[in-house]
Amino acid sequence: MGAGIFDSHCHYDDHAFDKDRDELLKSLFAGGVGYLMHACTDERSARYGIEAAKKYENYYTSVGFHPECCDDTPDDFISILRSLLGESEKIRAIGEIGLDYHYEGYDRERQMYIFEQQVMLANEVSLPVIVHSRNATEDTMEILRRHKPKGVMHCFSGSAETAKEVTALGMYIGFTGVLTFKKSKKAKKACAAAGLDRLLLETDCPYMAPEPFRGQRSDSSMIEKTAAAAAEILGLTTQQVIDKTNENARILFGIGVKD
Ligand SMILES: [Zn+2]
Ligand SMILES: [Zn+2]
């Protein structure tokens, strides 16, 4: 037996979990889930992550401002993050941060400013970043090339070439249930290009449920399906993928593994 599934990116503060959050988390930890990393989106979400990390031994958290929250991100976001960082030693990443040009009317300049400032803070305090990039590969890569943070590009949707560049920068690549979709050829190629040593698994729950749960609320137990898809791509067993991605995440987030 390995150390179980490491869900490197989850949003259990989402309203989709309001009815059964704590029962679900208890059952996940009692089942095959070893560790959870809360992907923070704003200050309220950071408070949730810090509380959950107090409650559950293997629940870790990030703090950061998500690009979709750009309009509501207060101007003193860096001082807010600095003060949050002092609240828990289970804060192991700055995230999720990045660029999202999906919705019309996005403010590119402000998103880039907020992203870059948070990357610089992560480097200063020696924490990895959890990067969200949607329709914004070029600008995201420019900031990552400039600052070379440790971290993960989550819910990876880029090409195999981008995957190679991200891993060459020393970063990890996170895949969701999308990897199990029949039509996700691009994600499969990117997974092969990333290789097992740079791979992380995630739900991005409540979204992105893998087959055969597609469209349903996802939770961390479903990662087994994503691990099976990665195993097929990499020519390994599902257990090998679960074990190694667990180790990768613990190395990245500094959880019980020596550098
Ligand atoms: Zn994201
Ligand atoms: Zn997310």
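View 1. With 13 C-beta neighbours inside 10 Å, Asn-135 counts as partly exposed (a residue is buried if 20 or more other C-beta atoms lie within 10 Å of its own, exposed if 12 or fewer, and partly exposed in between, with C-beta atoms placed from the backbone). The model shown is predicted: local features need pLDDT of at least 70, side-chain atom pairs count only at pLDDT 80 or more, and totals for chains, interfaces and linings use all residues. Residues are numbered from 1 along each chain as its sequence is written, while chains are lettered from A and ligands numbered from 1 in the order in which they are written. Asn-135 sits in the loop between β5 and α5, and its phi is positive, near 55°, in a residue other than glycine. Ser-126 belongs to the loop between α4 and β5. Ser-126 is not a glycine either, yet has a positive phi of about 55°. Ser-126 counts as exposed because it has 9 C-beta neighbours inside 10 Å. Helices (H or I, at least four residues) and strands (E, at least two) are DSSP runs, numbered from the N terminus.

View 2. Strands of a sheet pair through backbone hydrogen bonds, either parallel or antiparallel.

View 3. In strand β1 (residues 5-10), 6 of the 6 residues are buried, so the strand is largely enclosed by the rest of the structure. A parallel pairing over 4 bridges links β1 with strand β2 (residues 33-38). Asp-7 has Leu-36 of β2 as its bridge partner.

**View 4. Strand β4 between β3 and β5.** Strand β3 (residues 59-63) runs parallel to strand β4 (residues 91-100) and is joined to β4 by 3 bridges. Ser-62 is placed opposite Ala-93 of β4. The pairing of β4 with β5 is also parallel, with 6 bridges; here Asp-100 has Arg-134 of β5 as bridge partner. In strand β5 (residues 129-134), 5 of the 6 residues are buried, so the strand is largely enclosed by the rest of the structure.

**View 5. Two cis peptide bonds.** Gly-95 and Glu-96 are joined by a cis peptide bond with omega about -10°, and Glu-96 is found in strand β4. The peptide bond from Cys-205 to Pro-206 is cis as well, with omega near 15°. Pro-206 is found in the loop between β8 and α8.

**View 6. Packing of helices α4 and α5.** Helix α4 (residues 108-124) packs on helix α5 (residues 137-147) at an angle of about 30°, with the axes 11 Å apart. That makes α4 roughly parallel to α5 (angles under 35 degrees count as roughly parallel, over 145 as roughly antiparallel, 65 to 115 as roughly perpendicular and the rest as oblique). The crossing is right-handed; a crossing is right-handed if the near helix is turned clockwise from the far one by less than a right angle, and left-handed if anticlockwise. From α4, Met-112, Phe-115, Glu-116, Val-119, Met-120 and Asn-123 meet Asp-139, Ile-143 and His-147 of α5, where contact requires C-beta atoms, placed from the backbone, within 7 Å. By class, this contact has 5 nonpolar, 2 polar and 2 charged residues (Ala, Val, Leu, Ile, Met, Phe, Trp, Tyr, Cys and Pro count as nonpolar, Asp, Glu, Lys and Arg as charged, and the others, Gly among them, as polar).

View 7. Helix α6 (residues 160-168) and helix α7 (residues 185-194) have axes that come within 8 Å and cross at roughly 30°. That makes α6 roughly parallel to α7, and the crossing is right-handed. Ala-160, Ala-163, Lys-164 and Thr-167 of α6 make the contact with Lys-189, Ala-190, Ala-193 and Ala-194 of α7. Glu-165 is also in α6 and, with 17 C-beta neighbours inside 10 Å, counts as partly exposed.

Note on methods: Axes are lines fitted to C-alpha atoms, for helices over the stretch in contact, and angles run from 0 to 180 degrees between N-to-C directions. Two residues are in contact if their C-beta atoms, placed from the backbone, lie within 7 Å. Two strands pair if DSSP finds at least two bridges between them.
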